[in-house]
Amino acid sequence: MPVILKENNVFILETKNTHYVLGVDKNGYNRHIHWGEKCDINDYTIDYFGDENSNHTLLDEMKQEFTVFGSTMYRECALKAEFPDGCREISLKYDGCESDENNLSLKFSDRAYPLELTLNYRLYDGFDIIARWITLKNTGKHPICFEKIACAEFTFPGVKPYTFANTNGAWGAEFTQAQALVDGGRAVFESRGGGSSHNNTPQFIAYKNADEKSGEVFFASLAYSGNFKITASRDLYSVTRAVIGLNDFDFEYALSGGEIFESPKVYFGRADGFGNMSRQMNDFAVAHILPKRFADKPLPVLFNAWEAVGFNVNCENQKALASLAADMGVELFVMDDGWFGQRSSDWAALGDWYVNKEKFPNGLGELIDTVNDLGMDFGIWVEPEMVNANSDLFRAHPDWAYHYNTRQASELRHQLVLNMTLPEVQEYVFAIIDDLLTNNNIKYIKWDFNRPFSETGAQNLKNPKMLWYLHIKAVYDIVDRLKEKHPDVAFESCASGGGRADLGALSHFDQVWTSDNTDAVDRMVIQKGYSMLRPIKAMRAWVTDINWYSKPAPLSFRFNIAMQGALGIGGNLTEYSNRDLKICREYIALYKEIRPIVQFGDLYRILNIDDDEVLMNHYVSKDKTKSVAFIASDGTRLFKKRIPLRFEGLDKDRRYTFEFDGKTYEKSGAYLAEVGIPAHIRGAYYNKIIIIEEKKER
């Protein structure tokens, strides 16, 4: 996986199947040369040209790796700063490079000011994925104020316009896919509320004529859970570019003298088809993104008590639920909101992270001992970045929440956002969770974040617009400290659903909550969007009860959908019939059998519920000896669907056996992929799970 340095400052990043080529020209400009198929390394050169005319300059036309604001460059920039004397332009000179087999750093500095910029690249053996990020250093004494900090810039090959896929989601509809053809002007995907993933997501997928199995696809994902911005554009020269990084909305970062700023990383690559892209990113995330302690371990089947009791949690009803959950085969029992302070609704007690003695007169130990005696680990919900105005914490420290003295605070969900840029708030949050973990046998923390920022006054900061970045950094730092001190505790990132389900969260948390919407029909769409560039292993999916927002799908159908990620149960088990409990036991046992394939295998998206009226996802073990296919439809129309089911991903030269619709099949992998088997998919909530195994020779 070499980094090849040619003469004349041309650098070739060679991945498993691609070349990514950049350079520095004789004038000191960083230049983008190629991203795509491998070529003869001796052919790569830097082209030179002049201004088109006085209105269209070479800087606007130039394909750069990272564009700084200044001079006669008028297109989207990646970096903009104001120096202490008021100059708002950056002019870079090239200072050299550092490299080894898997890393490359290009070093630049401003020609007049004490600013150093380093473009960093990292390669990974066996992958067509590269990490990019920048480092900024102020070598002077006075602060340099940055108005914009992107993490990477990309230039795409060819002159035809690209379609950019992102999401156009919402709470309860996260990861709803959307596409935009960028044939001129700009398309912007961003977040502004302090989270990353409810609406647009911090990633792009760029393509021309691509589908699941074919077509050149370029993709990038930003490992950052705060406000982000992606700008995709196509200029008069038919050059398509994308800039990705921190959102410059209400943003500022003051880099003090001697300080170094390292940006979040962007993981990018190229693939043939969306399926190959997703499988590569899934494997990459497990190998290189997820925290190492649990990355290669299957996530347990959990039960969460929220939908069963809401805020009316107490020791006795939790023990009753735990007994039923254990009998079903659950491995992790999670107590949700309502266990602390004077918490009986969402109006009060956020921030008061002490055990409610009326609900738990003997503390948490009695419940945890019961859960452990039943053979399960114990987990608990917290929302440490938030506070209710009606709480002991807020009454003691009203200045700990973001606020302006002259503005009325907006209490979304009756709560305020704690100012995580305050050191005393950071220490408080760390201390309360550390105490909880030190004094109780807790193996799992569900960390929630239920509202966006508002009234973003941070009087402690000289540059208050730094809070957007510093808040997220504080969250990451606290979670890392807690994980270092309590290495056997797994952490889940929850943000009012999937509001922080990005690679930044997954660099620190072990799993993410995908959406508060657990409706099985809606989840078919939500989970597909999630799967495009995120690891299936970390995708929590629950089986819950039918309620005001969900459709009356049978329990078996709900299991079909939830078993396609990290399975959880969230219903009120005390109201389940003996038949329902039996169904739960059977499906949990089945999930444990296929869990290694689902969480660590290869996903092939065969049929799409929106286009085909049928969902079919095929998970194949890495050694291709076993697979599981999930087929589901909430209802087909007009006497449809009598279709062949094709099973991609198996070894075409091996033979496989399985049962379907009362018939036993033995077919080659080639036949199953190219011809398939007949299926008659009719009626509401069609639901089948097929386990396929390699036929062993006797």
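The exercises below, each with a worked solution, concern a predicted model.

Local features need pLDDT of at least 70, side-chain atom pairs count only at pLDDT 80 or more, and totals for chains, interfaces and linings use all residues. Residues are numbered from 1 along each chain as its sequence is written, and side-chain values use heavy atoms, with hydrogens and water left out.

**Exercise 1. Find how many disulfides the structure has, and explain the result for Cys-77.**

Step 1. A disulfide is a pair of cysteine sulfur atoms within 2.5 Å. A search of the whole structure gives 0 disulfides.

Step 2. For Cys-77, the closest cysteine sulfur belongs to Cys-151 and is 13 Å away, which is too far for a bond. Cys-151 is likewise in no disulfide, its nearest cysteine sulfur being that of Cys-77.

Step 3. Buried means under 20% relative accessible area, exposed over 50%, and partly exposed in between (1.4 Å probe, protein chains only). Cys-77 is buried at 9%, and Cys-151 is buried at 1%.

**Exercise 2. Give the strand order of the open sheet that holds β1 to β4, and name its edge strands.**

Step 1. Helices (H or I, at least four residues) and strands (E, at least two) are DSSP runs, numbered from the N terminus. Two strands pair if DSSP finds at least two bridges between them.

Step 2. The order of the 4 strands is β1-β2-β3-β4, with antiparallel pairing. The edges are β1 (3–6) and β4 (30–37), each of which pairs on one side only.

Step 3. On average, neighbouring strands here are turned by 15 degrees against each other, direction ignored. For such angles, axes are lines fitted to C-alpha atoms, for helices over the stretch in contact, and angles run from 0 to 180 degrees between N-to-C directions.

Step 4. Strand β1 is joined to β2 (residues 10–14) by 4 bridges. Within this pair, Val-3 has Leu-13 of β2 as its bridge partner.

**Exercise 3. State how many residues the largest nonpolar core has, and follow one of them, Ile-569.**

Step 1. A nonpolar core is a set of buried Ala, Val, Leu, Ile, Met, Phe, Trp, Tyr and Cys residues joined through side-chain atoms within 4.5 Å.

Step 2. The largest core has 127 residues, and those with the most contacts inside it include Ile-205, Trp-339, Phe-559 and Ile-569. Helix α12 (residues 578–600) supplies the largest share, 9 residues.

Step 3. Beyond four places in sequence, the residues that Ile-569 touches include Leu-302, Met-328, Val-543, Phe-559 and Ile-588.

Step 4. A second, separate core has 63 residues, among them Ile-90, Phe-108, Leu-115 and Phe-164.

**Exercise 4. Decide whether strand β29 and helix α11 are enclosed or open.**

Step 1. In β29 (residues 539–543), 5 of the 5 residues are buried, so the strand is largely enclosed by the rest of the structure.

Step 2. Both faces are covered: Met-539, Ala-541 and Val-543 are buried on one side, Arg-540 and Trp-542 on the other. In a regular strand the side chains alternate between the two faces of the sheet.

Step 3. Strand β29 pairs with β28 (residues 511–513) in the parallel sense over 2 bridges, and Val-512 stands opposite Met-539.

Step 4. Helix α11 (residues 555–562) has 7 of its 8 residues buried, so this helix is largely enclosed too. Among the buried ones are Leu-555, Arg-558 and Asn-560.

**Exercise 5. Locate Glu-455 and Glu-613, and give the phi of each.**

Step 1. Glu-455 sits in the loop between β26 (444–447) and α9 (467–485). Its phi is positive, near 45 degrees, in a residue other than glycine.

Step 2. Glu-613 sits in the loop between α13 (609–612) and β32 (615–620). Its phi is also positive, about 65 degrees.

Step 3. Glu-455 counts as buried at 19% relative accessibility, and Glu-613 is buried at 11%.

Key: Contact = heavy atoms within 4.5 Å.
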